[in-house]
Amino acid sequence: MDNPATPRAAAPGPRRRDRHGRGMRGPIAPPQVPIAASRAEAFADLVQDSVERLERRWPQLADIDFLVLEVPHIDGPGEAWNDEAVPLGGTMPAQDGRRARVIVYRRPVEIRTKGRDERAALVHEIVVEQVAELLGLTPETVDPRYGED
């Protein structure tokens, strides 16, 4: 027996309107506006900006891959971190046909900085230090403004 007064179960699929009848809400800002970028995208942009600054002086950086990872990984069972030894970046030398890599860890850097300008300065320091390690140079040689506030 069908009772027309009994509500039917909603059909599976996306809801077209919310229960207040206003419909689906769109994004707050268009994708080309900086506020629309996620924190990870904004951080990757900081790394890319730092690399572009250095590539003007060091064209061989085009042969290095620059990566952003969320957090560093513990490789072996005997390795452990303490509060003072969480790395902010790392390098992997070229081997077996794979290009050299510079890695910047996003979350440890974000935790240590308060604003975008401070974060950009720390990211640049990390990139300079890691590039210097790969090239076998001092950070001051890679970027003469290294260490200046």
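**Exercise 1.** Find what percentage of the residues in the protein is buried.

Solution. Start with the chain: the protein has 149 residues. A residue is buried when its relative accessible area is under 20% (1.4 Å probe, protein chains only). Buried residues make up 26% of the protein. The model is predicted, so local features need pLDDT of at least 70 and side-chain atom pairs pLDDT 80 or more, while totals for chains, interfaces and linings use all residues. Residues are numbered from 1 along each chain as its sequence is written, and side-chain values use heavy atoms, without hydrogens and water.

**Exercise 2.** State the secondary structure of the protein and its order along the sequence.

Solution. Helices (H or I, at least four residues) and strands (E, at least two) are DSSP runs, numbered from the N terminus. The protein has 4 helices and 3 strands. Along the sequence they follow the pattern α-β-β-β-α-α-α.

**Exercise 3.** Describe the lining of the largest pocket.

Solution. On a 1 Å grid over the protein atoms alone, a pocket is an open set of points where a 1.4 Å probe fits, with protein on both sides within 12 Å along at least five of seven lines; lining residues have an atom within 4 Å of a point. The largest pocket holds about 390 Å³ of space. It is lined by 17 residues, and Arg53, Ala120, Ala121, His124 and Glu148 are the closest to its centre. Helix H1 (39-55) and helix H3 (116-135) each supply at least two lining residues. H3 gives the largest share, 7 residues.

Methods: Points joined across faces, edges and corners; volume = space filled by probe spheres on them. Buried < 20%, exposed > 50% of the residue type's maximum accessible area, 1.4 Å probe, protein only.
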